[in-house]
Amino acid sequence: MVQDYGVEVMLDRNVYLVDVVKETRGRVLKLDKIEGGKLWKGIDTLIFNTWHWWNRRGPSQRWDYIQVGTQIYKDMDRMVAFERALVTWAGWVDANVDPIKTNLFFQGISPSHYNGTLWSEPRAKGCAAETQPVSGSTYPGGLPPAVTVVKRVLSKMRTPVELLDITTLSLLRKDGHPSKYGLGGQQMGMDCSHWCLAGVPDTWNQILYHLLFFQN
């Protein structure tokens with residue numbers, strides 16, 4: 001609670017938006033269930049975000065199986081799973097959120113920079129030693145496919161959701177990641193998916209502030 005302003009901020013770290021349930025077989029990612037959505041009801045401003053964790057594999061993957069209806073899968077096309085989960089989320093929003101009472105935002109896809117060929121530097125080792133943004137206003141590698149999925153799902157919703165479309169401006173900032181100085185500063189790997197602070201996310205926040213200010 002920010003007492004001076006009477007504002008309370010809550011972070012619900014549900015990285016898939018849909019449910020992950022512990023069962024006897026293991027952790028099950030349920031693409032058509034959002035029981036956790038009960039925490040989102042009655043809130044004045046909701047800002048949703050997902051994608052960062054959808055391609056994780058190995059120890060950092062937070063589920064063991066995927067369930068759609070009664071069907072159980074060990075794995076599936078991650079983009080297909082992502083869209084199915086977003087459709088479930090969109091249905092929950094349409095059924096449970098009154099846009100007159102609640103400001104609704106969806107933060108767009110936050111990109112990574114591991115493949116230098118996407119910004120026309122094939123010899124680049126991820127974001128290591130990058131000190132300058134991509135020149136110009138167009139990213140050579142184009143937008144991630146997840147952007148198309150998000151925009152497609154939002155376009156079919158009855159409830160209006162404001163897209164914080166931060167992908168292109170973030171794609172241009174190949175210099176904005178912690179690189180070898182990330183991951184707790186242990187220099188154990190290359191972090192080209194998270195962002196330095198202060199840095200790119202401050203621009204995202206300025207866009208959000210602008211939209212909140214003019215909506216109200």
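Let's start with Ser179 and its neighbours: leaving out residues up to four places away in sequence, Ser179 touches Cys127, Ala128, Gly189, Met190 and Asp191, where contact means heavy atoms within 4.5 Å. Ser179 sits in the loop between helix 3 (167-171) and helix 4 (200-215).

Is Ser179 buried or exposed? Ser179 is buried, at a relative accessible area of 9%. The cut-offs are under 20% relative accessible area for buried, over 50% for exposed and partly exposed in between, with a 1.4 Å probe and protein chains only. Ser179 also has a positive phi of about 50°, although it is not a glycine.

Before I go on, a word on what you're looking at. This is a predicted model, in which local features need pLDDT of at least 70 and side-chain atom pairs count only at pLDDT 80 or more, while totals for chains, interfaces and linings use all residues. Residues are numbered from 1 along each chain as its sequence is written, and side-chain values use heavy atoms, with hydrogens and water left out.

Back to the backbone. Most residues other than glycine have a negative phi, and most peptide bonds are trans. Ser120 is another non-glycine with a positive phi, about 65°. You'll find Ser120 in the loop between strand 6 and helix 2, and it is exposed, with a relative accessible area of 54%. Then there is the peptide bond from Leu197 to Ala198, which is cis, with omega near -5°. Ala198 belongs to the loop between helix 3 and helix 4.

Now the whole fold. The protein has four helices and seven strands, and along the sequence they run β-β-β-β-β-α-β-α-β-α-α. The radius of gyration is 19 Å, close to the 17 Å that the globule rule gives for 216 residues, so the protein is as compact as a globular protein of that length. That radius is taken over C-alpha atoms, and the rule is 2.2 Å times the number of residues to the power 0.38. The C-alpha trace spans about 50 × 45 × 35 Å along its principal axes. Of the 216 residues, 40% are buried. If you take contacts between residues at least 6 apart in sequence, 70% of them join residues at least 24 apart.

Next, helix 1, residues 78-96. Helix 1 has 19 residues and reaches 27 Å from first C-alpha to last, close to the 27 Å expected at 1.5 Å a residue; the expected span is 1.5 Å times one less than the number of residues. Its buried residues include Phe82, Leu86, Trp89 and Val93. What covers the buried residues of helix 1? Strand 3 (45-48), strand 4 (65-68), strand 6 (103-107) and helix 2 (145-155) are among the elements that do.

Let me finish on helix 2, where Thr148 lies. Thr148 is partly exposed, with a relative accessible area of 48%. Thr148 and Ser193 are 45 residues apart in sequence and 19 Å apart in space, C-alpha to C-alpha.

Definitions and conventions: Helices (H or I, at least four residues) and strands (E, at least two) are DSSP runs, numbered from the N terminus.
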